[in-house]
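Q: Could we go through a few local features of this structure together?
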Amino acid sequence: MAFIAIQTTFVQNWLIGIATKKLSKSLGTEVSIKKINITLFNKLNLDGTLIRDQQKDTLLYAGTLKLRITDWFFLKDSTDLKYIGLDDAVIKLQRKDSVWNFQYIIDHFANPPSTNSKKGITLNLKKLEFNNIRFIKNDAWRGERMTAKLNSLLLDADNINLNKGIFSVNQLNLDKPFFEITNIPELRPDSIRIRDQHTNTPDTG
């Protein structure tokens with residue numbers, strides 16, 4: 001009975017509401033999902049996913065996020081993530097000092113999983129499908145703003161496995177890609193800027 005109930009839209013959205021409230025509280029910012037649809041065997045669809053940074057600005061908004069994973073994944077020791085679909089999405093990476101607005105998420109999930117558990121997710125992509133995507137990297141600390149947009153992206157692969165360093169791509173189609181980098185006022189003090197230039201410090205702080 002519980003197995004049947006968890007496949008209903010009402011129960012799935014009730015559970016995701018509880019989960020996002022707990023995550024919002026632990027992160028100290030807003031995490032919300034308007035609607036979720038889970039097929040326990042291999043499919044996960046999220047509508048209206050919103051994650052705000054700790055300044056209450058949008059870090060990620062996705063109209064639709066679709067994931068396809070290993071069939072019967074809940075009975076297996078590991079899970080392959082085979083397909084990622086993303087529609088009507090905005091990603092905004094920002095900083096005014098040496099810390100990016102997503103660092104709090106990295107810090108929150110920094111503890112490694114228990115070595116006693118074999119379960120994990122492996123990125124083993126076969127297909128990547130993006131529609132109407134906008135990416136903004138607003139680096140006021142170093143004085144640079146990068147904007148990337150695309151109408152659609154379709155990637156079809158034999159295998160993309162980051163764990164094994166495999167990149168075998170059959171087809172990559174881009175529709176109306178746009179990329180722009182502009183200079184903005186730099187907030188980094190001269191003393192740090194000169195030091196970073198002298199030591200060739202990468203764009204991480």
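This is a predicted model: local features need pLDDT of at least 70, side-chain atom pairs count only at pLDDT 80 or more; totals for chains, interfaces and linings use all residues.

Q: How many aromatic pairs does the structure hold?
A: It holds one aromatic pair. Tryptophan 100 and phenylalanine 102 are stacked, at 6.1 Å centre to centre and 20° between the planes. Rings of Phe, Tyr and Trp (its six-membered ring) pair if their centres lie within 6.5 Å; planes under 30 degrees apart count as stacked, over 60 as edge-to-face and the rest as tilted.

Q: Is tryptophan 100 buried or exposed?
A: Tryptophan 100 counts as buried because its relative accessibility is 10%, whereas phenylalanine 102 is partly exposed at 24%. Buried means under 20% relative accessible area, exposed over 50%, and partly exposed in between (1.4 Å probe, protein chains only).

Q: Changing topic, which residue lies over the face of phenylalanine 178?
A: Lysine 149 does, at 5.0 Å from the ring centre. The criterion is NZ of Lys or CZ of Arg within 6 Å of the ring centre and within 35 degrees of the ring normal.

Q: And where is aspartate 57?
A: Aspartate 57 is in the loop between β2 (43-52) and β3 (58-69); strands (E, at least two residues) are DSSP runs, numbered from the N terminus. The C-alpha atoms of aspartate 57 and glutamine 94 are separated by 9.5 Å.

Note on methods:
Residues are numbered from 1 along each chain as its sequence is written. Side-chain values use heavy atoms; hydrogens and water are left out. Helices (H or I, at least four residues) and strands (E, at least two) are DSSP runs, numbered from the N terminus.
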